[in-house]
Amino acid sequence: MKPIYVLNGPNLNRLGKREPQIYGTTTLAEVEANCRIAAGERPVVFRQTNSEGTLINLVHEAIDEGAGIVINPAAFTFTSLALLDALKMFEGPVIELHISNIHKREPIYHRSYVSMRADAVIAGLGAYGYEAAVVALLRLLRA
Ligand code: DHK
């Protein structure tokens, strides 16, 4: 069974300590554990990087090895055409995930490049959004 990829962009390695009033106190390790529970028997590749090139390389890996992608691109959401171009090559379902409701924040967080490829977007559910995204991705894979 092909794995699903749960990919995380810059600064999310600091989750739990980073601006808890916006991102909460759940750590990325706890998010990973919850994603694996939500995925059940479906294998999960869970990665975080502060490097744009590495995130693109992980999307390339998913193109060859993965069934679906949940991605929190963090700040690269609003800056990276290269990430969008990489995601466009992926044929499976893609769910864009943000812990905070980006549309309720400053205008710099309103225009997402990734949304031009994503099949769905989840924003504002906090760390629980990851589990919701995994469950939704499995549903899309079954469809
Ligand atoms: C995480 C970030 O790092 C920000 O750059 C985004 C996103 C929001 C989040 O809510 O998960 O704007």
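Select Asn72 and the ligand: a polar side-chain atom of Asn72 lies 2.9 Å from an oxygen atom of the ligand. This is a polar contact, a pair of N or O atoms within 3.5 Å; within protein, one atom must be able to donate a hydrogen and the other to accept it, and residues adjacent in sequence count only if both atoms are side-chain atoms. The model is predicted, so local features need pLDDT of at least 70 and side-chain atom pairs count only at pLDDT 80 or more, while totals for chains, interfaces and linings use all residues. Residues are numbered from 1 along each chain as its sequence is written, and side-chain values use heavy atoms, with hydrogens and water left out.

A polar backbone atom of Ala75 is 3.2 Å from an oxygen atom of the ligand, and a backbone N or O atom of Ile99 lies 2.8 Å from an oxygen atom of the ligand. The protein covers 98% of the 310 Å² of accessible area that the ligand has on its own (Shrake-Rupley method, 1.4 Å probe; for residues, only the protein chains shown count as cover). Which residues surround the ligand? Among them are Arg18, Tyr23, Phe78, His98, Arg105 and Tyr109 (a residue is near a molecule or strand if one of its heavy atoms lies within 4 Å of it).

Next, select Ser112, in the loop between β4 and β5 (120-123). Helices (H or I, at least four residues) and strands (E, at least two) are DSSP runs, numbered from the N terminus. Is Ser112 buried or exposed? At 10% relative accessibility, Ser112 counts as buried (under 20% relative accessible area; exposed is over 50%, partly exposed in between; 1.4 Å probe, protein chains only). The side chain of Ser112 reaches two backbone nitrogens: that of Val114 at 3.1 Å and that of Ser115 at 2.9 Å. Not counting residues up to four places away in sequence, Ser112 touches Thr77, Phe78 and Glu96 (contact means heavy atoms within 4.5 Å). Phe78 also belongs to the surroundings of the ligand.

Now select residues 52-65, which form helix α3. This helix has 14 residues and reaches 20 Å from its first C-alpha to its last, close to the 20 Å expected at 1.5 Å a residue (1.5 Å times one less than the number of residues). Colour Leu55, Ile56, Leu58, Val59 and Ala62, which are buried in α3. They cover an arc of only 155 degrees around the axis, which puts them on the same side of α3 (the arc is that of the directions from the helix axis to the C-beta atoms). The buried residues of α3 pack against β1 (4-8), β2 (44-48), β3 (68-72) and α4 (81-88).

Move on to α4, where Leu83, Leu84, Ala86 and Leu87 are buried. Their arc is only 160 degrees around the axis, which puts them on the same side of α4. The buried residues of α4 pack against α3, β3 and β4 (94-98).

Finish with helix α5, residues 128-142. It has 15 residues and reaches 22 Å from its first C-alpha to its last, close to the 21 Å expected. Its buried residues include Tyr130, Val134, Leu137 and Leu138. They pack against elements including β1, α2 (28-39) and β5.
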